[in-house]
Amino acid sequence: MATSNLWGNELEFRRTVLRVVLLVIIVAGVIFTINNWIVGHKVLAFVELLVVVLSLAILAIHKKTTNLKLWSSVFLFALYTVILIGILSASFTSALYSWLFIVPVLSYLLLGTQLGTIYSVLYVLSGCGILTYRHIVHNPDTPVIAIVNIALTLTAIWALSYTYERKRAETVKRLQEMASLDPLTGLNNRLLLGSIFDMLCETLPEKQKSVSMVLVDLDHFKRVNDKYGHGVGDAVLVDVSRIINSMRRRNDWAFRFGGEEFCLLVPDVTPSQAHSIAERLRHSVEHSLNVEGFDDNMSVSIGVARWPENGNALSEIYKVADERLYKAKEQGRNQTVSK
């Protein structure tokens with residue numbers, strides 16, 4: 001199932017982080033390239049120059065690319081590889097190993113917990129292995145405690161970075177669910193309608209470009225609350241949501257607008273098919289509602305509109321569907337109006 005544009009905020013967070021990191025690496029890369037060229041490390045200077053060029057290229061496309069995680073992975077692969085080469089070739093006193101401290105931080109910020117952990121494991125362990133091999137095995141004068149301190153500091157930063165990213169991701173997911181889901185029924189709420197409608201209109205193949213809006217309103221619902229109480233009224237709304245969910249196809253989207261009004265977005269169906277879907281839903285609510293303590297009949301009135309025949313904008317489609325819904329109410333309720 002496709003994803004709503006509402007989730008793009010998380011992507012924008014990673015774009016911002018990537019932009020800041022790229023700018024820092026470009027500045028630092030230029031400085032190190034010049035320095036290493038002057039002191040005679042021309043191979044390392046050339047490699048660092050390549051990282052600068054790659055960073056400039058990614059900076060140029062990062063705002064529009066749909067493969068942000070891929071380009072972030074490529075960038076981090078190049079950056080971390082240069083860091084390992086530098087640690088392998090430089091003396092311990094150069095403190096180039098300090099760049100290892102940013103590995104878990106950048107990995108989790110740019111790649112998330114799963115891929116970030118893979119990158120952190122690969123490059124942190126590789127960096128510590130190179131330090132041990134280069135500066136203890138081949139240089140016994142290097143204090144072992146220095147390598148131990150580096151490893152412990154890396155572990156602390158790694159643990160903090162992982163914990164922060166995991167909690168941040170959980171919080172963002174929870175906030176997004178609170179913003180997009182109706183807490184009573186679990187259906188999408190009205191806030192999500194516009195982004196889902198736009199997504200369907202943009203992603204459907206040219207020959208299948210149609211989206212039907214099925215607007216549903218429970219008849220005389222106020223009487224249910226007055227007679228049975230709000231607890232039973234809520235249970236009726238939950239069971240209507242169950243019926244809607246059981247009937248919709250995998251690529252259909254269901255919403256609760258608040259109160260007793262529901263909506264379905266149904267892509268790629270003919271007008272007659274959309275009318276039939278609405279009628280099956282109406283019939284199911286009338287005959288399949290199962291709520292303990294509620295023994296009255298429940299019916300719904302439905303208005304159906306269709307994009308693009310009834311308008312190009314969501315507001316136009318909703319207006320037509322709403323007018324047809326109220327026409328169904330005026331004509332006696334418990335019916336579907338789609339023309």
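This is a predicted model: local features need pLDDT of at least 70, side-chain atom pairs count only at pLDDT 80 or more; totals for chains, interfaces and linings use all residues.
1. Basis. Local features need pLDDT of at least 70, side-chain atom pairs count only at pLDDT 80 or more, and totals for chains, interfaces and linings use all residues. Residues are numbered from 1 along each chain as its sequence is written, and side-chain values use heavy atoms, with hydrogens and water left out.

2. Helix pair. The axes of helix 3 (residues 68-89) and helix 4 (residues 102-137) come within 10 Å and cross at roughly 15 degrees. Axes are lines fitted to C-alpha atoms, for helices over the stretch in contact, with angles from 0 to 180 degrees between N-to-C directions. Helices (H or I, at least four residues) and strands (E, at least two) are DSSP runs, numbered from the N terminus.

3. Six strands form an open, mixed sheet in the order 1-3-4-2-5-6. Pairing requires at least two DSSP bridges between two strands. Strand 1 (188-189) and strand 6 (336-337) are the edges; each has a single partner strand, so one side of each lacks a neighbour in the sheet.

4. Strands 5 and 6. Strand 5 (residues 300-307) runs parallel to strand 6, and two bridges join them. Ile302 stands opposite Thr336 in strand 6.

5. Ser284. Ser284 sits in helix 9 (residues 271-288). Ser284 is buried, with a relative accessible area of 18%; buried means under 20%, exposed over 50%, partly exposed in between (1.4 Å probe, protein chains only). Leaving aside neighbours within four places in sequence, Ser284 is in contact with Ile243, Met247 and Leu289. Contact means heavy atoms within 4.5 Å.
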